[in-house]
Amino acid sequence: MADHSVQKTDSFWDRPLLPSVRVTWWMVAYLGVIAFAVLTRFWDLGSRAYSHDESIHAWESWKLYTGQGYVHNPVYHGPFLYHITALVFALFGDNDVTGRVATSLAGVLIALSPLALYRWLGKRGTLAAMLIIAISPVMMYRSRFIRHDHWTVVFNLVLFVAILYYLRERKEHWLYWAAAAIALGFAGKETTFITYFIFGTFLAVLFLYQIIERWNVPDRLRAWSCLPVFDLLIVIGTLILPTATPIPVSLLGRDPIDYGPSGIVFTGAILLVMIAISAVIGMLWDRRRWLICAAVYYGIFLPLFTSMFTNGQGIATGLVGQLGYWLSQHDVQRGSQPWYYYLVLTLMYEFLPLLVGGGGAIYYLSGVLGLRRERETPPDPEKGDALDEVVDERPAKDGDISQRIFVPFLIYWVVLALVIYSWAGEKMPWLMMQIVPPLHLLAGWTIGRVLETDWKRVRAARGLWLLLLVPLFLYTLARLVGTRPYTGTTTEELNRSMVWLASFAVGLILLVPISSILRRLSMSDSRRMVVLSVTTVLMALTLRFAWMATFINAALPTELLVYAQGAPDTALVTRELENLSRQLTGGLHLRVAYDDQSSWPFVWYLRNFTNSQFYGNSPAGPFDAEAVIVGPENEAAVKPLLGNRYYRRQHTLIWWPNQDWYMDRSPADLWTDLRDPTARRELWDMLFYRRGQPPLTSWPYVSNFALYLRRDTVQQLWEYGPDALAAAAPLPGDEYVERWQPRTAVDAWGSWGFEPGQFAAPRGMALDVEGNLYVADSQNHRIQVFDADGAFVREWGGEGDAPGQFNEPWGVAVSPKGEVYVADTWNHRIQVYSAEGEYLRGWGMFGQVQNVTESGDLFYGPRDLLFDAEGNLYVADTGNKRVIKYDADDNMVAAAGGEGQGDGQLQEPVGLALGPEGDIYVADTWNRRVQVFAPDLVYRRQWPVYAWEGVSISNKPYIAVDAEGHVYVTDPDMFRVLEYDNDGELLRTWGQYGTDLSSMNGPTGIVIGDEQRILVSDALNHRILRFTDE
């Protein structure tokens, strides 16, 4: 690309479309690119489900639109997006499409931005840059999300244009454009601080360079202050300076986001100093122009951040909170991406501008540094070397510094953006939008330079055929590299060998016309056509990946341009609920409850449901909603309050892309994969086809939610098919919800810890005749004793298997003689102590019995102990599926159980209780029933328990019987207590998930004292709850 020039002639592109119409083919090309950009940014906007962040942005905009106000919070970025989206809602209504219209419009404006740089890109470079942005996978795909990045990029580009024009023309209105762009950039997103740092440091370097150039001029200070770059530094620096307040605040050892009284006073004082410094510098520079710039800047900044002067604190959160909050988040590193994350995304999606723009940068820098060799032989007129390039069509002026710094500015912007964002703690795919714009412009400039030649000469040499032949040759070459001939004789091997030979032959054939055309072209035109041919291939591939990401895999996690992608299920469930509501209520009046795990996007999706309700992580009582949405972490707390009145469907809320293939990978690992044919094929399938990943039906990187629909509601709708038919049949267990009652403990004691009075998963409990409570503090491997008021008395034990030590004791009982018996569960033994904790004796060892009456010295995880009035001991030998009876001298006298579901058989017996008539009540956990035995362990009766579904280590229910014969059982996994009469009729249930006095988490042990004092060991809340009879 030498710098020769010829007489400029009209090209085909300069001709009018029709003789009577002043529309050239250039204009048609521009309009075609614009139409493509509009179509790909706006087409089918509402089909993809809203992601977590999108729903937040749409919801905040909707609140502003509906008069509920907006309060700026740096966590959710700047206010501009909410205001412009609220305006769109006001004009066109609120729905999934209009929520994204504003950002799609910004995506179109980004694609149009090269038009504002026509003077620096030239006609061809402008069109090329517009085309590259239009087909960019990052810009096409991300422009269809409601996020803050799009408008931030627009405003940063406006500032870039204003800087260039002011350097070129030094007209003061460009300073006002710059002031407006700075304010709007801050109102967009905090990433503008990075962009302004890049722009500011480049201008500072330029100013230093111009100072050195003018070092020896007379009155140098005046000469320096007259430079346009000096004006820009003053305006940009003084307007940004107050927002940098968090920096000196942090350096002085204070927290810039401390909103306490002292923090506000301290930070406010620093802010006032920064504003004063800004104003003094600006007024000394040029009073009139700076006041206008400040008026433009604050005239935009203040209304947006204060929500049109309805939120006074927006001044502080805008000027200080933005940078203060995001500086505090630097070490959070959401996503935990490696430093090369953006390189991976660039190579996968933006390889076109990377290779073309990178090549242009290298070419430019080699010329600046004198590394590019000039032609050593004279031009050959017959080959057209004298006509190597046409004159630059861009208007230029002598001493136009903007033309000289345009390409260096872009190179500086690209390199620093990539370095800074790679260094920053949080690395997310949407931040690629902040990195690629200068790369797109640089690639457009490069293609514009490549296209500057005498195309008549190229056509005469049939050089345009290279645009077809070179891509075909490259495809053939790829086939040769991807396959190899085989020496075997199987059909598959012969077929692959024939493919390789055919590719080799076609490649040789293609080389003939390619070499012939290249010989007819000049050296520079040969290079130019090869570059354009390769660029054509890269453009085609770029368009392919953009189309795949935007319209084929848009809602799927197979693309890396998303992080937490909203799954299609959320939108489908919303449509289902809307249809259900309209059929049953005639509008959106269906009662829908949702939790804190599913709140986004359902806060947005359910905004028009008049009876939607948010219940956080635990509801206050049973549901009456027709639909309940719950996340996996809250489902266990919700299920007890649903009963059998609902049927369940599981859906996907969010899914994340597969990042394992590049996370924590070294170059050596990559080289190993490339050398392995199987690994190489898997990598190729993943990169080129997005295949070779887990199937979407079993995608491992997901967060789910469950939709519960009430059975009587579904029964009314035929379209639910089998679900509707099944809903008609009554199911047992509904009374467990219907008879739920709120009940609050009168007090509680204990907390997690190792000190006296603290617990680590307390389990079984027992009372002595004085009302003292003995607690098996299982994971602290000790017994703790408390008086009737809950005051700590004593403790004994410790982890181990020696006499007097424990390994997770679960059960404890006090004999009529006052001796304390402990079920030392995982030492598989019983230990006996005095009331003061002195070790007396013990027996037992691990053993699995074949017969329930086998040795009473063999245990498998004994869980509970019970004494009758005669001093006989009953032991729940849980793992051996039996209950053993010992006399007062610790001799085995009877046993019951044996694995099975028949009468008297047991599956995981845990809790034991003594009835008023001397009967033994057993919590037969895995058979989900209570069985009653006579004192000699002869089976009497049973009733079902519609609970105890889980088989976890903590789902071990205990049982107690009061003086009236009421039976109380704990339901650990359902966070409740069940109360029956003596015949097994459910009287009531109480409890729910939580930590307050009306809630529980894993209630296990239960005992009943005097005056119906009910004590429950709330195991996973590490405390004891005390209830009184109601």
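Biologist: What should I know about the model before reading it?

Modeller: The model is predicted, so local features need pLDDT of at least 70 and side-chain atom pairs count only at pLDDT 80 or more, while totals for chains, interfaces and linings use all residues. Residues are numbered from 1 along each chain as its sequence is written, and side-chain values use heavy atoms, with hydrogens and water left out.

Biologist: How many aromatic pairs does the structure hold?

Modeller: A pair of aromatic rings is described by the distance of the centres and the angle of the planes. Rings of Phe, Tyr and Trp (its six-membered ring) pair if their centres lie within 6.5 Å, and planes under 30 degrees apart count as stacked, over 60 as edge-to-face and the rest as tilted. The structure holds 63 such pairs; in one of them, Y615 and F623, the ring centres are 5.2 Å apart and the planes stand at 70 degrees, so the pair is edge-to-face.

Biologist: Are Y615 and F623 buried or exposed?

Modeller: Buried means under 20% relative accessible area, exposed over 50%, and partly exposed in between (1.4 Å probe, protein chains only). Y615, at 10%, is buried, and F623, at 4%, is buried too.

Biologist: Which parts does the pair of Y736 and Y946 tie together?

Modeller: Y736 and Y946 are edge-to-face, with 5.9 Å centre to centre and 85 degrees between the planes. Y736 lies in helix α30 (residues 735–738) and Y946 in the loop between β27 (939–944) and β28 (959–961), so the pair ties together parts 210 residues apart in sequence; helices (H or I, at least four residues) and strands (E, at least two) are DSSP runs, numbered from the N terminus.
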